[in-house]
Amino acid sequence: MPDKTVIITSLNEAWAANNSMIDIFLEGFHSGENITHLLRHLVIVCVDQKAYDRCVQLHPHCFQMKTSGIDFTAEKIFMTADFLKMMWRRIEFLGEVLQLGYSFIFSDGDILWLRDPFAVFSKNMDVQISTDQYRGRPFDVRNQSPNSGFLYVRSNNRTIEMYKYWYEARLRNPGKNDQHVLKAILQEQDFGSQVGVKVQFFETLYFSGFCKVSQDMRKVVTMHSNCCVGLENKLNDLRLSLDDWRLYKNTSHPVNEGNITQAPQRNLWRAPSACKNSFERLAPWAL
C-alpha cells in the first residue's frame with residue numbers, strides 16, 4: 001500500500017489442497033463487503049513447494065519461505081513439536097518484514113475476511129491484536145489473552161525490538177507457543193521499559209471467532225476458526241460461516257453509517273458446529 005503496509009498469510013501443503021483452506025480464505029475477500037481490492041496487497045507465504053505451486057495458480061503474490069531441516073507440509077496439530085517450530089519460524093519471519101520497513105496485517109489462513117479492517121483500526125497504536133475472549137479494557141495487557149492469528153503491526157523501532165524480544169523469549173519458555181510467550185512478556189517489567197510498544201486488543205464484536213462469536217453481523221469484520229482443532233472441523237464451520245454471511249447479505253437492506261455498513265440485526269451464525277468440543281474429541285495420540 002502507499003504507506004508500505006502489506007497483508008500476509010501463510011500456507012502449507014495441507015491447507016493448499018483443492019477445495020481446502022486457501023480456497024475459503026480467498027473466497028472470503030470476494031464474498032466480503034467491498035474488500036476484493038485488498039487482495040492486491042496480499043502476500044501468501046508458502047512454507048513448502050506444493051503450497052507454492054498451488055499458490056501461483058490462485059494468486060499473483062506468492063513467496064516461498066525456505067527453512068532447512070524442517071518439514072512443514074502436513075497439517076500441524078495444535079501444540080505439537082512441529083506446530084511450535086512453524087509458529088516460531090513465523091515470528092522470526094515477521095520480524096524480518098518489519099526490519100525491511102513494511103508494516104503488516106498478519107492473518108491466519110483459517111480466517112474469513114468480511115469487511116475492511118482498516119475502518120476500525122486505531123490510528124496511533126504500534127500493535128493491534130485479536131483475542132479469544134475480549135474482557136474489555138483494550139489496553140490492559142495483564143488481563144487480555146492475545147491471539148496472534150490476526151494482528152496489525154506498524155514498522156518502527158519499537159515493534160522491531162518487540163519482535164526480537166518475543167522471538168528470543170522462546171528460549172526462556174520451552175514448550176510454549178508464540179501466544180503464550182507474548183502474554184507472558186507483555187507483563188514483564190523489562191519488556192515495558194526496554195521496548196515501550198503501544199498495544200491494543202481488538203474487540204470480538206468486530207474481530208470474531210469460534211471462541212467468542214460476534215452477536216452483531218452488522219459489525220463483524222473477520223471470523224476466525226479459533227478454539228478448534230482438525231482441518232476438516234475448521235473447513236466445515238468456515239463454510240457454514242461463509243454461507244451464513246451470504247444469506248445475511250442477501251436478506252439485509254444495508255444503509256451506510258460511518259465507516260461500517262449497518263443493516264437490521266440478524267444473528268445467523270450456525271458455527272461453531274463441528275468445532276465444538278473438537279479438543280476433547282482429538283485422539284490422544286495426536287496430542
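Student: Leaving aside its neighbours within four places in sequence, which residues is tryptophan 113 in contact with?

Tutor: Some ground rules before we get there. This is a predicted model, where local features need pLDDT of at least 70, side-chain atom pairs count only at pLDDT 80 or more, and totals for chains, interfaces and linings use all residues. Residues are numbered from 1 along each chain as its sequence is written, and side-chain values use heavy atoms, with hydrogens and water left out.

Now your tryptophan. Once neighbours within four places in sequence are set aside, tryptophan 113 is in contact with Ile7, Phe25, Gly28, Phe29, Gly32, Ile35, Leu38, Ile105, Ser107, Phe150, Val221 and Thr222. Contact here means heavy atoms within 4.5 Å.

Let's see what surrounds that residue. Trp113, together with Leu11 and Phe150, has the most contacts inside the largest nonpolar core, which has 47 residues. A nonpolar core is a set of buried Ala, Val, Leu, Ile, Met, Phe, Trp, Tyr and Cys residues joined through side-chain atoms within 4.5 Å. Buried means under 20% relative accessible area, exposed over 50%, and partly exposed in between (1.4 Å probe, protein chains only). The elements giving two or more residues to this core are strand 1 (5-11), helix 1 (13-16), helix 2, strand 2 (42-46), helix 3, strand 5 (111-113), strand 7 and helix 8 (231-251). Those helices (H or I, at least four residues) and strands (E, at least two) are DSSP runs, numbered from the N terminus. Apart from this core lies another, of 33 residues, among them Val6, Ile91, Trp166 and Val195.

Zooming out for a moment, the chain has nine helices and 12 strands. Of its 287 residues, 54% count as buried. Among contacts with a separation of 6 or more, 70% are between residues 24 or more positions apart.

On to the charged pairs. The structure holds 14 salt bridges, a salt bridge being a side-chain nitrogen of Lys or Arg within 4 Å of a carboxyl oxygen of Asp or Glu. In one of them, arginine 54 meets aspartate 23 at 2.8 Å, N to O. Arginine 54 sits in helix 3 (residues 49-58) and aspartate 23 in helix 2 (residues 21-31), so this pair ties together parts that are 31 residues apart in sequence. Arginine 54 counts as buried, at 11% relative accessibility, while aspartate 23 is partly exposed, with a relative accessible area of 23%.

Another salt bridge joins aspartate 178 and arginine 90, with the closest N and O atoms 3.5 Å apart. Here aspartate 178 belongs to helix 6 (residues 178-185) and arginine 90 to helix 4 (residues 81-99), so the parts being tied together are 88 residues apart in sequence. Both aspartate 178 and arginine 90 are buried.

Then there's arginine 172 with glutamate 188, whose side chains meet in a salt bridge at 3.2 Å, N to O. Arginine 172 is in the loop between helix 5 (157-168) and helix 6, and glutamate 188 in the loop between helix 6 and helix 7 (189-194), so the pair ties together parts that are 16 residues apart in sequence. Arginine 172 is partly exposed at 48% relative accessibility, and glutamate 188 is partly exposed too, at 25% relative accessible area.

Glu27, Asp243 and Arg246 are linked in a network of salt bridges. Aspartate 243 is found in helix 8 and counts as partly exposed at 39% relative accessibility. Its C-alpha is 9.5 Å from that of arginine 270, which is 27 residues away in sequence.

Of the 14 residues that line the largest cavity, Ser130, Phe207, Ser208, His224 and Asn226 are the closest to its centre. Strand 9 gives the largest share of the lining, three residues. On a 1 Å grid over the protein atoms alone, a cavity is a set of points where a 1.4 Å probe fits but cannot get out, and lining residues have an atom within 4 Å of a point.

Definitions and conventions: On a 1 Å grid over the protein atoms alone, a cavity is a set of points where a 1.4 Å probe fits but cannot get out, and a pocket is an open set with protein on both sides within 12 Å along at least five of seven lines; lining residues have an atom within 4 Å of a point.
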